[in-house]
Amino acid sequence: MRVFPYAGIMLILLLLCPACAPQYKEMLDTTPGMHINEVIAFWGRPNTHTAQSYTWKEHATVNHAGHWGTRRQEIVHYDNHGKRTGSSVIDVPYYNEPYTSTNWCDTTLFTDAHGVIIGYQYDGNDCSKTLPMHDQTKKP
C-alpha cells in the first residue's frame with residue numbers, strides 16, 4: 001500500500017470542503033505518478049509554483065438576477081364546526097432577490113525533485129477541473 005505524505009492534509013480538507021465534488025477527488029487520486037508537465041499541458045500554467053508545488057487558483061464571481069416565480073399553495077376550507085369541506089389550489093407569486101456568489105477552487109500538486117506528482121490538496125466550493133485519461137501503468 002502506498003502512503004502519501006500529505007494524506008493528513010487531504011483528510012482535513014475533505015472535512016472542510018463538503019461541497020467539493022467527489023469526482024474531483026477521484027480524478028486527483030489518479031495524479032500521483034504522473035509528471036507535472038502532463039497536467040500543465042492540459043490545465044495550463046499554474047498561478048503560483050515553487051520547486052516542488054504547483055497551485056492553480058480559480059475564482060469567479062457570479063451575479064444571479066432577481067426573478068419572479070409562482071408556487072402552488074393549497075387552501076383548505078372548513079365549515080363553522082371545524083370540519084373540512086374541501087380545498088382549492090392557487091398560484092402564489094414570489095420574488096427572488098438578486099444575489100452574488102463566488103465560486104472558487106484552489107488545487108496544489110506536490111512533486112518530487114524529478115517533477116513526478118507525489119500528492120495534492122484542494123479546497124473550494126466549485127472544484128470541477130478534469131484531466132484526460134492517462135496510462136495508469138506509469139505509476140511507480
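Throughout these legends, contact means heavy atoms within 4.5 Å. The model is predicted, so local features need pLDDT of at least 70 and side-chain atom pairs count only at pLDDT 80 or more, while totals for chains, interfaces and linings use all residues. Residues are numbered from 1 along each chain as its sequence is written, and side-chain values use heavy atoms, with hydrogens and water left out.

View 1. Thr55 sits in strand 2; strands here are DSSP runs of E with at least two residues, helices are runs of H or I with at least four, and both are numbered from the N terminus. With a relative accessibility of 11%, Thr55 counts as buried (buried is under 20% relative accessible area, exposed over 50%, partly exposed in between, using a 1.4 Å probe and protein chains only). Setting aside neighbours within four places in sequence, Thr55 is in contact with Pro46, Asn47, Thr48, Thr107 and Thr108.

**View 2. Where strand 1 meets strand 2.** Strand 1 pairs with strand 2 (residues 53–64) in the antiparallel sense, over 2 bridges. Look for His49, which stands opposite Tyr54 in strand 2.

**View 3. The largest nonpolar core.** This core holds 16 residues, and Tyr24, Leu28, Val39, Trp43, Trp56 and Leu109 have the most contacts inside it. A nonpolar core is a set of buried Ala, Val, Leu, Ile, Met, Phe, Trp, Tyr and Cys residues joined through side-chain atoms within 4.5 Å. Beyond four places in sequence, Tyr24 is in contact with partners including Trp43, Cys105, Tyr122 and Cys127.

**View 4. The disulfide.** Searching the whole structure turns up 1 disulfide, meaning a pair of cysteine sulfur atoms within 2.5 Å. Cys105 is joined to Cys127, S to S 2.3 Å. Cys105 belongs to strand 5 and Cys127 to the segment after strand 6, so the pair ties together parts 22 residues apart in sequence. The link is right-handed, with 105° about the S-S bond, and both Cys105 and Cys127 are buried.

Conventions
Two strands pair if DSSP finds at least two bridges between them.
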